[in-house]
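Here's a quick briefing to read with the model open. Have a look at the structure first, then work through the points below.

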Amino acid sequence: MAHIKTKDMSELIGLIHDAALAPSLWPESINRIRVALSGSAALLFTPQHDPGTGGFAIPENLSADLMARYAEKYHRIDLWTQAGVKRKLFIPGTVASDEDLVPRQILIDSPYYREFLEPANISRLCTSVIFGEDEPAVLPTVISIYRGVDAQPFGPGAKSLLRLLIPHLSRSLALMYRLRDAEQKLTASLAALDKIPNGVVLFGQHGNIVHTNAAASTLLAQNDGIGFETRRTTGRYLTTSSNARNAVLNRLVDNAISPSNVETCTTPRGMRLPRRSDRPPIVISVSPLPPKHQFENVDGQALAIGFLFDSGLPRQPDPQLLQDTYGLTPAEIRLVCHLCDGWVLGKIAHHLGLSTETLTSQLKNVFIKMGASRQPEVITLA
């Protein structure tokens with residue numbers, strides 16, 4: 001086995017596992033593996049996926065120019081990869097050296113060696129597939145350690161050491177992939193909240209705010225009827241314009257984050273919040289989130305969700321949804337939006353410069369497409 005002290009081996013394994021939670025530690029992990037195997041360079045990468053498709057490449061002592069030239073041209077004539085695939089040696093956990101893959105003289109005589117490897121001072125290889133193509137939850141992932149043109153081949157000791165490290169790399173990378181997938185889903189979920197016109201607030205275990213969507217951030221920043229205060233140890237909390245309303249609001253949030261309610265109750269409870277200005281009040285509705293939900297990895301662990309309704313805002317439907325759902329034309333959508341604003345046909349006709357007869361004809365088509373018979377039904381459906 002390659003020479004590595006027990007203490008150094010223990011530290012290396014710990015570093016590999018820490019990298020699952022802190023990916024910035026991967027370069028140091030790869031470098032220590034390179035040193036332990038007496039390599040001159042190393043690479044942890046996803047050969048079938050570039051960063052644009054979720055993959056990555058973590059090089060050690062390999063220049064960006066070299067990586068670019070490989071991706072641009074030389075991956076097509078990579079004898080080591082071709083031989084590994086052809087001979088079915090690149091399966092998870094298998095460790096192979098350059099001579100296991102390609103006879104030495106064939107490699108040296110190849111354009112791949114003369115044009116790419118030799119100028120890059122790469123001649124020897126010790127590699128292993130960490131994940132193959134048959135594992136749907138993770139990307140195919142490979143680690144390769146290299147030595148220079150005049151170096152000795154990787155012997156049984158180096159291969160044994162890499163073989164010992166593969167299970168730790170596998171566990172750490174699998175956790176990293178799962179966390180990254182969860183983060184991506186969470187990011188998508190939180191981004192979707194920003195498309196909701198009403199304010200959305202996620203509450204943590206102390207009743208603190210762990211996330212607000214764009215509408216809630218705007219509403220809270222106005223501090224008109226409802227805002228937030230920051231506490232040194234636990235972050236931001238909702239606050240109203242009076243102590244009495246604060247007490248009611250705190251009870252709503254406390255009930256929603258209570259463990260017993262999280263398990264058994266998803267019924268929202270709410271209150272009206274008068275504003276200091278003359279604008280209509282804000283209505284807040286708070287309910288527990290189920291034990292497993294799409295926001296479970298948000299900072300602070302979201303336990304409850306609150307909706308802030310600004311009753312002073314006009315109720316405007318989404319034009320794209322009206323088109324997709326009911327097949328309304330742009331003119332019909334415009335008519336429905338004005339109806340939702342509380343306008344009568346005469347006012348809409350004057351505003352648009354159209355006759356009342358034209359709008360009446362459009363409204364009849366809206367009734368047919370939306371399955372309604374009266375204007376209030378159209379507004380409700382919209």
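Let's start with a cysteine: Cys340 is buried, with a relative accessible area of 11%. Keep in mind that this is a predicted model. From there the tour goes to the rest of the cysteine story, then a sheet, then a pair of helices.

**Cysteines**
- Searching the whole structure turns up zero disulfides.

- Five strands make up an open sheet, ordered β2-β1-β5-β4-β3 and paired antiparallel.
- At the edges sit β2 (57-60) and β3 (95-97), each of which pairs on one side only.
- Ignoring direction, neighbouring strands of this sheet are turned by 10° against each other on average.
- Helix α2 (residues 26-36) packs on the sheet, where it touches β1, β2 and β5 (141-147). The direction of α2 makes about 45° with that of β2.

**Strand β1 and its neighbours**
- β1 (residues 41-45) runs antiparallel to β2, and four bridges join the two.
- Along that pairing, Phe45 stands opposite Ala57 in β2, and Ala42 stands opposite Glu60 in β2.
- β1 is also antiparallel to β5, with five bridges between them. Ala41 has Tyr146 as its bridge partner in β5.
- Is β1 mostly covered or mostly open? It's mostly covered, with five of its five residues buried.
- In a regular strand, side chains alternate between the two faces of the sheet. For β1, both faces are covered: Ala41, Leu43 and Phe45 are buried on one side, and Ala42 and Leu44 are buried on the other.

**Helices α14 and α15**
- The axes of α14 (residues 345-352) and α15 (residues 356-370) come within 9 Å and cross at roughly 115°.
- The crossing of α14 past α15 is right-handed.
- On the α14 side, Leu345, Ile348 and Ala349 make the contact; α15 brings Thr356, Leu359, Thr360 and Leu363.
- By type, the residues of this contact are five nonpolar, two polar and no charged.

Terms used. Residues are numbered from 1 along each chain as its sequence is written. This is a predicted model: local features need pLDDT of at least 70, side-chain atom pairs count only at pLDDT 80 or more; totals for chains, interfaces and linings use all residues. Side-chain values use heavy atoms; hydrogens and water are left out. Two strands pair if DSSP finds at least two bridges between them. Axes are lines fitted to C-alpha atoms, for helices over the stretch in contact, and angles run from 0 to 180 degrees between N-to-C directions. Contact means heavy atoms within 4.5 Å. A disulfide is a pair of cysteine sulfur atoms within 2.5 Å. Buried means under 20% relative accessible area, exposed over 50%, partly exposed in between (1.4 Å probe, protein chains only). A crossing is left-handed if the near helix is turned anticlockwise from the far one by less than a right angle, and right-handed if clockwise. Ala, Val, Leu, Ile, Met, Phe, Trp, Tyr, Cys and Pro count as nonpolar, Asp, Glu, Lys and Arg as charged, and the others, Gly among them, as polar.
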